[in-house]
Amino acid sequence: MRRLEDLQFDNTYARLPEAFHRRLSPTPFTQPAHLISFNEDAAALLDLDPAEASRPELVDFVTGRRPWPGTEPIAMLYAGHQFGVYVSQLGDGRAILLGEVRNSRGERWDLHVKGAGLTPFSRDGDGRAVLRSTIREYLCSEAMHGLGIPTTRALCIIGSEDRVWRETIETGAMLVRLAPTHVRFGSFEAFYYRRQHDHLRTLADYVIAHHFPHLAGSGDRYVAFFREAVERTARLIAQWQAVGFAHGVMNTDNMSVLGLTLDYGPFGFLDDYDPGFICNHSDHHGRYAFNQQPYIALWNLSCLAQALLPLASEEPLKEALHGYQPRLQAFYDELMRKKLGLEQTLPDDPGLVADLLALLHGSRVDYTLFFRALATFSTHTTQAPAVLRDGFVDVDRFDRWAERYRARLLAEGSHDAERRVRMHAVNPKYVLRNYLAQQAITAAVEKKDYSEIDRLLSVLRRPFDDQPEFDVYAAPPPDWGKRIAVSCSS
């Protein structure tokens with residue numbers, strides 16, 4: 001395990017031409033800073049000794065009070081379509097890439113500080129982040145990792161008494177997040193719309209060399225890269241839809257070329273099943289509603305395809321894009337079969353799933369709790385258990401669906417005990433509901449009590465496991481905690 005000063009930095013993105021970034025260090029807080037939470041699991045990705053969290057140098061290095069040996073801090077340039085409108089220059093307006101750590105396994109991890117202060121890309125922003133949104137991203141990125149969904153990771157939260165104006169005055173904070181790269185769809189769009197095709201090619205070659213090396217020798221490597229982006233995005237969106245996760249701001253600058261969940265803002269996990277759930281109170285027209293995410297991902301991929309036109313022919317890019325919908329559907333169908341405990345694939349399975357979701361919607365049944373409880377279903381009785389039936393307004397309609405489900409299970413010779421184990425392994429008991437995040441935020445902001453952050457972090461690392469001491473986190477949400485819409489401002 002390594003000390004902070006001994007991390008092995010290999011800053012490849014900083015070697016790219018000046019047009020790709022601006023060199024600057026984080027701007028320290030004006031008030032004393034302190035460590036709020038430290039994630040030992042993320043530290044292991046860097047070979048970092050968790051005991052280093054107790055050293056004041058961690059806070060000094062992250063906040064810019066002292067230069068971190070080996071880092072070459074930069075703010076990355078990118079552009080993007082925000083709510084469908086192209087914005088020519090976005091970039092890291094409040095984030096700084098400190099450097100890239102190479103661990104003992106040869107993996108490279110960006111150390112990216114959000115809330116690091118003004119950069120040349122800040123536009124009218126202040127370059128800061130608030131504790132509220134920092135806690136949300138810290139917890140949700142680790143929750144998604146626990147669910148097996150590709151995501152950025154979070155190393156630590158640094159807090160301060162500095163005041164930041166959003167809708168109200170809030171407490172400032174910095175988040176250190178990790179990812180193999182922070183290159184986005186919008187990174188390519190910036191150079192395409194500027195007609196800087198040499199830089200576009202440089203970026204594509206960089207991404208392929210460092211993250212898709214198996215494509216480097218391919219004659220159509222840019223099309224092959226796009227095809228991989230399509231595949232990874234389709235798989236990611238299928239996972240979001242299956243687990244009931246709404247991202248909230250699927251702008252092209254928030255889409256990772258690696259198919260990672262990137263930039264947690266006004267996200268939300270479904271409580272009562274509602275396909276039209278909008279978790280972002282700034283999304284007045286529902287562009288990024290839960291049921292729109294598959295389409296928006298396709299739209300975003302089309303923007304990436306357009307940005308690659310100077311490097312590849314249009315027809316093969318279109319062909320790759322046309323592969324998105326069938327791949328998404330195949331991934332989603334597979335995930336939903338597993339959620340239902342089905343091992344075989346039959347043509348009527350999508351209809352069985354669709355009819356169930358319609359029932360859940362009609363009765364406002366909790367999505368996570370229902371699928372977890374579905375593992376109690378028995379093929380030895382003709383009636384579903386009360387824990388399932390009691391949630392439905394039209395019980396007779398649910399019973400008819402349950403008869404079809406039972407027949408489907410019997411047709412493949414399903415064994416209840418074995419199926420229960422499989423279903424518990426894919427249907428989480430714990431997800432980061434918005435009200436749980438809000439309780440941790442309230443304790444941190446109002447009482448400077450950070451224990452709930454660490455408690456939730458511990459629970460969400462093992463979302464599929466029964467953790468009886470934490471059953472309160474698997475309870476139905478209170479009425480006030482349902483359908484919370486969160487602000488974009490962070």
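Strands (E, at least two residues) and helices (H or I, at least four) are DSSP runs, numbered from the N terminus. Two strands pair if DSSP finds at least two bridges between them. The model is predicted: local features need pLDDT of at least 70, side-chain atom pairs count only at pLDDT 80 or more, and totals for chains, interfaces and linings use all residues. Residues are numbered from 1 along each chain as its sequence is written, and side-chain values use heavy atoms, without hydrogens or water.

A hairpin of three residues joins β9 to β10. Nine bridges link β9 (residues 153-165) to β10, and the two run antiparallel. A154 has R177 in β10 as its bridge partner. Strand β7 (residues 108-114) also pairs with β10, in the antiparallel sense, over five bridges. Here K114 stands opposite L175 of β10. Strand β8 (residues 129-130) runs antiparallel to β10 and is joined to it by two bridges. A129 has A173 in β10 as its partner. Of the 11 residues in β10 (169-179), 10 are buried, that is, under 20% relative accessible area with a 1.4 Å probe, protein chains only.

Helix α10 (residues 349-363) has 15 residues and spans 22 Å from first to last C-alpha, close to the expected 21 Å at 1.5 Å a residue; the expected span is 1.5 Å times one less than the number of residues. Its buried residues are D349, L352, V353, L356, L357, L359, L360 and S363. They lie on the same side of α10 because they cover an arc of only 155 degrees around the axis, taken from the directions from the axis to the C-beta atoms. Just after α10, R364 takes a positive phi of about 55 degrees.

Conventions: Buried < 20%, exposed > 50% of the residue type's maximum accessible area, 1.4 Å probe, protein only.
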